[in-house]
Amino acid sequence: MKNIITFSFMLLTALFAKNLTAQSDGAAVLNIVLHPVQTLTINTADQTVNLEYRTREDYSKGVSLNKENHLQIYSTGGYVIRVKTADPRLQSAANSAAGIDAGDITVTASKGTTTGYESFISAPVQLSASFGELISSPAGASKAFNINYTAKGDNKYLNLFTKNQNPTVYTTQVVYSIEPQ
């Protein structure tokens, strides 16, 4: 009988002890912290753009050059790509008195061939020393854009060739920027 009482006591103690033990819970806060990231790079194989006037037709009709996948962008949200020239005129070392207005060159963007298609809006920009809006999108993207450079004709540059520099080269830097939209 003593064994039954001892056994019953141990059984009741075990049952009550289980109910009396405190349960401990812990919680952690999990955050996903998103920072804005925007990058723009010029295709390393296409960092020089030569608009060459070689024929009579080039001088009369103008010239253009399409650079495939010229701009590579990454943006974690909507973006605007702007373009300008470093100077309002392209200059030549051989003919410092003359220059070519940057506005004689128009830049146009189109969908590149190396990435998927995300929605964007593009408008041609006549180059100048002030930024002009070339591309905009309300959504983030990782993509490439083709850029077309077109220069005027109408025999505008007939008198800008200099025999001291053959061919005569007029130059400036084209600057692209990416900004949040």
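A salt bridge is a side-chain nitrogen of Lys or Arg within 4 Å of a carboxyl oxygen of Asp or Glu. Please keep in mind throughout that the model is predicted.

Select K67 and D46, whose side chains meet in a salt bridge with an N to O distance of 3.3 Å. K67 belongs to strand 2 (residues 63-75), while D46 lies in the loop between strand 1 (38-42) and helix 2 (56-61), so the pair ties together parts that are 21 residues apart in sequence. Are these two residues buried or exposed? Both K67 and D46 are buried.

Next, select E179 and R82, which form a salt bridge of 3.0 Å, N to O. This pair links distant parts of the chain, since E179 is in strand 11 (residues 174-180) and R82 is in strand 3 (residues 79-85), 97 residues apart. E179 counts as partly exposed, at 28% relative accessibility. R82 is also partly exposed, with a relative accessible area of 22%.

Move to R89 and D101, where the salt bridge has an N to O distance of 2.4 Å. Here R89 is in strand 4 (residues 89-91) and D101 is in strand 5 (residues 99-101), 12 residues apart. R89 is partly exposed at 33% relative accessibility, and D101 is likewise partly exposed at 33%. In the whole structure, a search finds seven salt bridges. As a general principle, side chains of opposite charge can pair when their charged atoms come close.

Now colour strand 10 (141-151) separately. Nine of its 11 residues are buried, so strand 10 is largely enclosed by the rest of the structure. It is joined to strand 2 by 10 bridges and to strand 6 by seven bridges, and it runs antiparallel to strand 2 and to strand 6.

From T106, continue to strand 8, where Q126 stands opposite. Strand 6 (residues 105-111) and strand 8 are antiparallel and are joined by two bridges.

**Last stop: the largest pocket**

Finally, display the surface and turn to the largest pocket, which has a volume of about 1,000 Å³. Of the 33 residues that line this pocket, V49, N50, L51, L90 and Y170 are the closest to its centre. The elements that give two or more residues to the lining are strand 10 and strand 11. Which element gives the most? Strand 11 does, with three residues.

To close, colour the lining by residue type: it divides into 20 nonpolar, 10 polar and three charged residues.

Conventions
Residues are numbered from 1 along each chain as its sequence is written. This is a predicted model: local features need pLDDT of at least 70, side-chain atom pairs count only at pLDDT 80 or more; totals for chains, interfaces and linings use all residues. Side-chain values use heavy atoms; hydrogens and water are left out. Helices (H or I, at least four residues) and strands (E, at least two) are DSSP runs, numbered from the N terminus. Buried means under 20% relative accessible area, exposed over 50%, partly exposed in between (1.4 Å probe, protein chains only). On a 1 Å grid over the protein atoms alone, a cavity is a set of points where a 1.4 Å probe fits but cannot get out, and a pocket is an open set with protein on both sides within 12 Å along at least five of seven lines; lining residues have an atom within 4 Å of a point. Grid points are joined across faces, edges and corners, and a volume is the space filled by probe spheres set on the points. Ala, Val, Leu, Ile, Met, Phe, Trp, Tyr, Cys and Pro count as nonpolar, Asp, Glu, Lys and Arg as charged, and the others, Gly among them, as polar. Two strands pair if DSSP finds at least two bridges between them.
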